[in-house]
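Please have the sequence and the model open.

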Amino acid sequence: MRRTGTTRRGAFTATGAIAMGAVLAGCGDGTGPQEGSARADAATTAEQAAARAEKTLRTGAAGTSRELLARYEQVVRAYPATAAGLSPLRDAVRAHAKALAPDGGKTLVFSRTRATDAAGALKELAAAERRTADAHTATLLNAPPELARLLASIAAAGAAHAYLLTELAKETSS
């Protein structure tokens, strides 16, 4: 037989339903039309500030990647024999720069490499990859989640590139 009357479970269910109805209806929040508008304005201002901050971080990170891309171009021009080994890495760096700044940005030009041979140029390029990866890692600490994931991925790729460039420099010097 079923028990009749009010049970604790029934009382909690009814109380929860009433509270949920009040929340969904917007009753009892104490804000008038003006207070709600002020909150909306503050939220819009905060969103705009966050968007500006993200754009600044993206612009800086994209510039760092474009600098690295310019170094790749410089090494390939100075030592054409390295083009086959550097081409996939250079293409990845180009894709990273594009992902960070889809609008492109200005291309940077550097003076000639200081290395006197291809192995030295590859070692310099590996060091530049490490610096770029470190810069992206430092930037991701202040980035919003989506940009932080992108920067972490690019930094990891940069660390792998540095390793590959170091190995390529060893093979080239042999």
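## Helix H5

Helix H5 has 29 residues, which at 1.5 Å a residue should span 42 Å; its end C-alpha atoms are 42 Å apart, so the two agree. The expected span is 1.5 Å times one less than the number of residues. Helices are DSSP runs (H or I, at least four residues) numbered from the N terminus.

The model is predicted: local features need pLDDT of at least 70 and side-chain atom pairs pLDDT 80 or more, while totals for chains, interfaces and linings use all residues. Residues are numbered from 1 along each chain as its sequence is written, and side-chain values use heavy atoms, without hydrogens and water.

Among the buried residues of H5 are Ile154, Gly158 and His161. Buried means under 20% relative accessible area, exposed over 50%, and partly exposed in between (1.4 Å probe, protein chains only).

## Salt bridges

A salt bridge is a side-chain nitrogen of Lys or Arg within 4 Å of a carboxyl oxygen of Asp or Glu. There are five by this rule.

Glu73 and Arg90 form one of them, at 3.6 Å from N to O. This pair links distant parts of the chain, with Glu73 in helix H2 and Arg90 in helix H3, 17 residues apart. Arg90 counts as buried, at 14% relative accessibility.

Arg94 and Asp91 form another, at 3.1 Å. Both lie in helix H3, three residues apart, about one turn of the helix. Glu73, Arg90, Asp91 and Arg94 are linked in a network of salt bridges.

Definitions and conventions. Helix = DSSP H or I, 4+ residues; strand = E, 2+ residues; numbered from the N terminus.
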